[in-house]
Every structure is written in C-alpha cells, then in structure tokens.
Amino acid sequence: MSTTVRPPVRPSMRPGLRPAPVSATTRPRLRWAGVDWVLLGAVLGLVTLGTLLVWSATIGRDDLTGGDPTAYRDKQLVNVSIGLVLMAGVAVSDHRWVRVAAPLVYLGSVLGLVLVLVMGTTINGSRSWLMLGGMSVQPSEFAKLAVVIGMGLVLAGRARGRWRSRVGGVEVGLMLLIAAVPAALILLQPDLGTMLVLTATVFGVLAVSGAPRRWLALLAGGGVTAAAVAVAAGVLKDYQVDRFMAFTNPDLDPRGAGYNVEQARIAVGNGGLVGEGLFDGSQTRSGFVPEQHTDFVFTVAGEELGLLGAGLVIALLLVVLWRALVIATRTEDVFGRVAAAGIACWFGFQAFQNIGMCLGIMPVTGVPLPFVSYGGSSMFAGMLAVGLLQNIHLRASAPQPQRYTASPRVRAVR
C-alpha cells in the first residue's frame, strides 16, 4: 500500500490555531528599510556643509592652523567619522541595552562636570573643558543628552509602558531632580549658553509629557528668579553681563562686548542673495569675526553662500526637527516618545540661539550650531542623539513577529 507524504503544515494553516498577542518582551526584527533616511540625509547634508564652512573659516588663519590650511578640515572629518560610528552603534543596539546604558551615561556626564570644576581648563572665561592628552572634551554637551534620556526613563518607569496624557507632581519632581544636578554644575563653570539650552530642553520635555500648566508656570518663574539672583550674587562673570548689555544695545561698546555681534552682522549682510563665493568671503578672509569656525560658523554661510546657502542650512535643521517630532508621535513607547521630543527641543533651541546671536536677535552665549560648528564633543553628542532617534524609529517600524496559540475550543478537546 502506497504512503502519501503530506507537506508540512504552516502554523497559519493548522485548524484551531490563531495568532497570540505579542508580549512587550517580544523582540522585533530590525529592517534597514525602516531607517529614517530623510533624517539621515539631512544630518549628512549638515555635516558636509559644516565641514566646508569650517575649512573656509580656518584656511587663512595661520594663528589657528600653524600654517596647515587643511588642519581643521581634517580634524572635523575625523570628528564626523567618529560621530557616524557612534550613531550607527546606538541605532542598531537592542533597546534594552540602551535603557541599561542610560543611567551610566547620566552618571558619566555628572562625573565629567565635577572633574571640570576640579581640574578643568578655562577657555574664553569658562571652565568647561577637560584636557585628555591632546584632545579637549566638553562634558556639558553630553549632559544635554543625559538629562533627556534620564527624564525619559523616569516618566517611562512611572507610566509602566503606557502613555498618559498628564503627569503628577511626583513625576515632575523626579524629572526636575534629574535635571537639577547637571544644571547646577554647569552654572558653576559658568556656561550660560549650555544652561539656557538645558533649561529650554527641560521645559519642552515637561510640556510634552503633559505636566500641569501650574508646574510649567512655576518653572518659568523660577528660571527668571534664578537668573536675577545669579546676576545679583555675582555668579555670572563681568564679560557675560556685558554681553547681555551689548545685546540690548549693540552700539554701547562696539569695540568690546558688542564687537562680535557687529562683525557678525556685517559678514551676513555682505552675502546678499547668492554670497561672495565659498572661500572668498571678505570678512572671513580678514578674520574679523571671532570664533568663526565654532560659535559664529553661520556667518560664513551667510557671507559666502548668501541667503540661499544660509537658508539651506536652516532648512536642513528644520528637517531634523520635523523628523524628530514625527518619530516622537509615531512611537507608543513612553521612553522613546519623551526622548525624541526632548532631542527635538534641544536641537531646536540650540540652533535658534546660535543663529540668533549671529543675527543679533539673541545674546552671545557661545553655543555651537548642531552638526555644523567645529568641535568633537558637540558632534559626538549630536550624533548619539540621532542614533537614539533612529533606534526609536526602527523599533516602532519593525514588523512584530506573530506566535500562534490554540483556541479555547481546541484546548478543551485536548
């Protein structure tokens, strides 16, 4: 008698079986098709433009380059390369390891800020850098990311995986405590620019998390009061107070505190619609704008690439913010939503502050333009944040595997 061999039956073909609900611990499969290519393209465009602008700002500065016109270009390319590796590492990491590493990042940034106060190097009046061999590290840049993920972990732990439209006083207090420790250490440096960015980021995270309006009002009032007390108590340096005075009246000291803003305005105004051409900016070639490869790199775009080139930089930054907010709205994970929204607040306010001080609509505080200004610490922190955004997006867009379980009727027969 012949024996008929039947092909194996897939689980979906077996009678009495139905898909089981996927548990929270089920690990989704990552797809490279799920990478946010728009976000990645905008970041790559910014770092490419930034490298060219840094090169242009330093190509004729022998006092900075030591006679090597490509020195800062090569250093920035190294910074970008390391940053891309860090971004890719965070993007493909398992989300559980990301959460495990988050407290370590926070503790590491706090330790770095303490070491800055103990053995840091003072540059431009602020003790904000640690010298590690031939490399300088600015821990306050990593503190921004640490505060964002720390606040996200607090809210995720209290919500237990479920998004809530409002949070209570306990959650708000814990999140403010997470931010208060690095904020106090940054204020002691004093690094006023980073302090402003951190304050705006914390306020944005609380607003997104659904904190009551009275808490937001108290936070805003407390910030204004703390600023007034800091000025009255002499926490701020004289040059920082002079910068605020020059902001209110740039003609007050055009050769002193108002010099940076005055020269930055001239450089941006020289560009017109299409600019004077890359490497051909008159203000840039003459070295009239201080710190043009770091804090005032946007003036290079305005002068040499004109309104169109400067507008392109702003447009790419807006794309990064847009994608961060989209990622925040599309994920159901509480930690991911808070972290993505916090990163958007961080990038948005820092870009506004940097571009605003180049245009004279914000006081000079010395914060870099994300992904454009020269600097390793700022580049690494920004790339780590983009890697976290990609990680959140990959988890949200990855297909969930289905398991099968027997229906109640089949289980009863068994």
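Reader: What makes Phe-347 and Phe-371 count as buried?

Author: In this predicted model, Phe-347 has a relative accessible area of 4%, and a residue is called buried under 20%, exposed over 50% and partly exposed in between, with a 1.4 Å probe and protein chains only. Phe-347 is therefore buried, and Phe-371 is buried as well. Local features need pLDDT of at least 70 and side-chain atom pairs count only at pLDDT 80 or more, while totals for chains, interfaces and linings use all residues. Residues are numbered from 1 along each chain as its sequence is written, and side-chain values use heavy atoms, leaving out hydrogens and water.

Reader: Why is the pair of Phe-347 and Phe-371 called edge-to-face?

Author: Rings of Phe, Tyr and Trp (its six-membered ring) pair if their centres lie within 6.5 Å, and planes under 30 degrees apart are stacked, over 60 edge-to-face and the rest tilted. The centres of Phe-347 and Phe-371 are 5.2 Å apart and their planes stand at 75°, so this pair is edge-to-face. Phe-347 belongs to helix H13 and Phe-371 to the loop between H13 and helix H14 (376-397), so that the pair links parts of the chain 24 residues apart.

Reader: How do you know that the pair of Trp-346 and Phe-347 is tilted?

Author: Their centres are 4.9 Å apart with 50° between the planes, an angle that falls between the two limits just given. Trp-346, at 2% relative accessibility, counts as buried, and ring pairs join Trp-346, Phe-347 and Phe-371 into a cluster.

Reader: Why are H10 and H13 called roughly perpendicular?

Author: The axes of helix H10 (residues 259-271) and helix H13 (residues 334-359) cross at roughly 90° and come within 7 Å of each other. Angles under 35 degrees count as roughly parallel, over 145 as roughly antiparallel, 65 to 115 as roughly perpendicular and the rest as oblique, so H10 and H13 are roughly perpendicular. The contact (heavy atoms within 4.5 Å) is made by Val-261, Ala-264, Arg-265 and Val-268 of H10 with Met-357, Cys-358 and Leu-359 of H13.

Notes:
Axes are lines fitted to C-alpha atoms, for helices over the stretch in contact, and angles run from 0 to 180 degrees between N-to-C directions. Helices (H or I, at least four residues) and strands (E, at least two) are DSSP runs, numbered from the N terminus.
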